[in-house]
Amino acid sequence: MADYSSLDIRQRSASTETPPEIRRQVEVAKLIDVSKCIGCKACQSACEEWNDLRDDIGINRGVYDNPHDLTPKSWTLMRFTEYENPETQNLEWLIRKDGCMHCTEPGCLKACPSPGAIVQYSNGIVDFIEENCIGCGYCVKGCPFNIPRISQTDHKAYKCTLCSDRVAVGQAPACAKACPTGSIMFGTKQAMIEQAETRVEDLKSRGFQHAGLYDPAGVGGTHVMYVLHHADQPSLYAGLPNDPKISPLVAFWKGGAKVFGLAAMGFAAVAGFFHYVTAGPNEVVPEEEEEAVEYDEAKRRETGRETGGGEARPH
Amino acid sequence: MTNLWMDIKHADVITVMGGNAAEAHPCGFKWVVEAKAHNNAKLIVVDPRFTRTASVADLYCPIRQGTDIAFLSGVAKYLIDNDKLQHRYVAVYSNAGYVVREGYDFSEGLFAGYDADKRDYDKTTWDYEIGPDGYAVVDETMQHPRCVMQLLKKHIAIYTPEMVERICGSPKETFLKVCELMATTSSPERTMASLYALGWTHHSKGSQNIRSMCIVQTLLGNIGMLGGGMQALRGHSNIQGLTDLGLMSNLIPGYLNLPVEKEPDYASYIAKRQFKPLRPGQTSYWQNYNKFFVSFQKMMWGEHATKDNDWAYDYLPKLDVPTYDVLRGFELAKQGKMTGYIIQGFNPLMTFPNRAKMTEAFSKMKFIVVMDPLKTETARFWENHGEYNDVDPTQIQTEVFELPTTLFVEEEGSLSNSSRWLQWHWQAQEAPGECRSDIEIMSGIFLRMKEAYKKDGGAFPDAIVNLKWDYAMAESPTPTELARELNGYTVAPTPDLNGTIIPAGKQVDGFAQLKDDGTTACACWIYSGCYTEKGNTMARRDNTDPGDRGIAPNWAFAWPANRRVLYNRASCDPEGRPWSEKKKLIEWNGKQWIGFDVPDYGVTVAPDKGVGPFILNQEGVARLWTRGLMRDGPFPTHYEPFESPMANIPFPKIKGAPAARIFKDDLADLGDAKDFPYAATSYRLTEHFHGWTKHARINAILQPEAFVEISEELAKEKGITKGGWVRVWSKRGSLKAKAVVTKRIKPLICDGKPVHVVGIPQHWGFMGLTKKGWHPNSLTPVVGDANTETPEFKAWLVNIEPTTPPSDAVA
């Protein structure tokens, strides 16, 4: 949790009260210029150092990606993709730093049922407030980028904070500070958009006709943006969603269903009480659990997402 | 580096060949990215693998490892054939017009004077024709059939684009694109920076690889220029300091030579080092050799070094062989002739070629001393680690002393980086446990040795008992005390350049004040200026950079004389005007040389004096042809690696580089392509620093386990799966690793046949936090470059097959 107070909060999960948003801060953004990235993993290292995280020492699985996927202790990682460009016949090694995109309309926050477990500050940063987290995993379902991870140790959700603690005191995120080539930049969102324009122009002059900025409208724009050589095909970059949107299920759950649901919950509570008294506790059958996972997988395929490292996600 | 890291941002073309700067030098690589972003630079990468550097390149060209000379000779031929030279630069600033004496010849792949038994050359004929005036004969028209330009054309005529493709496996079209892009920098307005590292040095002809690019850069007029130069990227934070301070068996500090047996007295030693100019009026700065040498002797032996005893010349060892390099050292240990070894800050068991030979050599020694902050494999060479170090401790009697040392953050001192900067650093924290600094440990050993010699005498104790050791605390000299010695000081009153007397006991301002009469002492002449009467210039931290030239003259101290770009006189035309205003470093203002950098030239020497810009050279110009200065030839020539998948196409009878050194047993230990069909190479990864960071948790997380990289084609042929275990073996040993199957390595089509490359990163061992693994030195051959004895780590032969995991590995 960052050095922010309630005065800075724009949105709060599962909360009926209107956040005051008294301090209207300028929106910030991290710009990741994939065309300048050399995949050195200094950002991963800095993230572990600053946040005092130490993931397990893993194994090699035939790729450069290590750890193989985001985990509760690895909030960012480089995903490496070898791409043979059919137009130029050139091999391209596309290296994308993966991590929370800090959406303007965060699917995780929308999906979260626990009051104040996920907040969005007025500067755009989306933060998990672990003490309010109930570990239900709805944020995982709600995220169109497959970012949050639930810790097996404390059953809380974790992800990149955009170094909200550093930003709150005027520092750039640790990854941006550590990046040796200036591939990771940090500033106001407006300044980053302008910076991206000069980079896109440069890339176009070097033959990347479809170079562009990734700031997807489907989630209201993001506070982590990419400069891509192939902005027409984001999915080339280890399954970056072409057109990310909040899952319709979350929209439904947070929309009309919510009012109805609240009424239904009251009824269910009463009915449940009588059911428990008359029939005893209910248990989930394993088949049901599998079905739920399959449904989730199918849903993900449908929205064009892949889990880059091929690692099965924690539930 | 001729230039400096920051200078790279001014380059118009950057070629990374013989290195992988993004991976091995990620912080310095920012200047390449900067050049691309703000100077519209184009980045060329030539490498057997599509590296992380290639991932941000504008043009990638594959090449078979060990064929760089053929490639670059092909570039030089392209430049000459297509008239893409910086003509005036080549005519005035190179030895292109110098006439070579009769008798010099090159035929059938050999230069004149080859002795097959000695694997060496008689270099008598490798010199210029000397005219009646005592100077080298020059034909300014460059038409004389024996002038360097004509000989060069003849020498490289075979390296046509077609021949380059046959030898190197570089597709002709891509090769020509590289040539075209490099050729754009023949304009005085444009420059190319060449970035290289161990990808060029780790070959049996490593020095000649570098020479090839020197020729290209001279033809293009890119030496001494802003954004140009030969940028040797050093692999350790202080490896530049190591060579500067002469930590080679044949050197003393400042690139002076240790005497050899044929130089029994000072007169015979210094006679060979007069370095008289080869052209009228040239500076030939090495003429001052005796001043640097005498000052070194005075620093070593103080009052015991006198004119009467030839400055204690007899105290210096006299080499009976060219060098006692590491390859020779362990050959002698294997033969039982070198019985003890002090290992200071390196890990030879996991570094030097042919690990089986290393283990055998260590097992035969009486003792080794390991000074290191980390638990190295070398200190545990006797310990059984299953498959990873399968030795029997009961059969090894070597006594091992492990002395824990401080790490650089636990001490103050200076580090010399690739830019030739001496940067002072301060202690950040106390060392743990019983660690001592290397200075304290070596002092302790020396003082005890001295006592022993004093007490017991010995064959020749003088050099040790008379060594000057006047530090405030004999057991612990401070880095400041040592730095003051590196700078040099007066031991008696002596006049400076203007005749003003400097009193005794003063720090000198620079090496120009050093004398050969015993009035000055200096440990390393090129470092002179680092700690003057004004204080520690290495500790300066002013990054003001007038003119945005990347010079920042008041940041730290750069040798020599705080000069940031070597040969910067060549950035101006002969009249003293910058070739390009945009690239201006210095200029002649009618009275003196002024500008952003310290002129590499006499400050008041007018341009019309005709003094050449390469003031260290006896000719005053850059050498396209190097006389007898290289052991293996005055021009680079393509020879195959000692283990090669194919014959030498131009000279099929020649196997390996003719003058490279190889011992008898090691020659017998070479494999051939019949049994070992694949071309192996070794390299670093960005996640690790050599064997150090496998001891650091975060680095271990980022790259936890050893792997080898192969193409999809080879994987299919061999039934190897991504992430599966493979065994890789050579004539000398075997290792297991995970397989990374990648599109970034492609079979190279050489002379019509595919050559498969097997890439083996070098960070794992049996100590540390990563998964245990092998170093490629289990496989590499023991052969050294003819000039430097650097081992051929980058090109040898292996075989490969799928295998089962090591017994304790996670499947």
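**Exercise 1. The interface**

How much area do chain B and chain A bury between them, and what share of it is on carbon and sulfur atoms?

Solution. The model is predicted: local features need pLDDT of at least 70, side-chain atom pairs count only at pLDDT 80 or more, and totals for chains, interfaces and linings use all residues. Side-chain values use heavy atoms, without hydrogens and water; residues are numbered from 1 along each chain as its sequence is written, and chains are lettered from A in the order in which they are written.

- Step 1. Take buried area as the accessible area (1.4 Å probe) that two parts lose on being put together, summed over both. Chain B and chain A bury about 3400 Å², with 59% of it on carbon and sulfur atoms.
- Step 2. List contacts (heavy atoms within 4.5 Å). On chain B, 46 residues touch 36 residues of chain A.
- Step 3. Apply the salt-bridge rule: a side-chain nitrogen of Lys or Arg within 4 Å of a carboxyl oxygen of Asp or Glu. Four salt bridges cross this interface.
- Step 4. Locate the chain B side. Elements are DSSP runs: helices (H or I, at least four residues) and strands (E, at least two), numbered from the N terminus. Those giving two or more residues are α1 (21-24), α2 (30-38), α19 (697-702), β27 (707-711) and β29 (734-742) of chain B.

**Exercise 2. Bridges within chain B**

How many residues apart in sequence are the parts tied together by Asp751(B) and Arg166(B)?

Solution. 

- Step 1. Asp751(B) and Arg166(B) form a salt bridge, with closest N and O atoms 2.7 Å apart.
- Step 2. Asp751(B) is in the loop between β30 and β31 (753-755), and Arg166(B) is in helix α6 (residues 161-168) of chain B, so the tied parts are 585 residues apart in sequence.
- Step 3. Asp751(B) is partly exposed at 32%. Arg166(B) is partly exposed at 35%.
- Step 4. For contrast, take Lys364(B) and Glu360(B), bridged at 3.2 Å. They are four residues apart in helix α14 (residues 355-364), so about one helical turn separates them.

**Exercise 3. The setting of Asp600(B)**

Is Asp600(B) buried or exposed, and which backbone nitrogen does its side chain reach?

Solution. 

- Step 1. Asp600(B) lies in the loop between β25 (593-595) and α18 (664-668) of chain B.
- Step 2. Its relative accessible area is 5%, so Asp600(B) is buried.
- Step 3. Leave aside neighbours within four places in sequence. The contacts of Asp600(B) then include Arg563(B), Leu566(B), Asn568(B) and Pro613(B).
- Step 4. The side chain of Asp600(B) reaches the backbone nitrogen of Tyr567(B) at 2.6 Å.
- Step 5. Ile615(B) is 15 residues along the chain from Asp600(B), and their C-alpha atoms are 7.7 Å apart.

How values were computed. Buried < 20%, exposed > 50% of the residue type's maximum accessible area, 1.4 Å probe, protein only. Polar contact = N/O pair within 3.5 Å; in protein donor to acceptor, adjacent residues only side chain to side chain.
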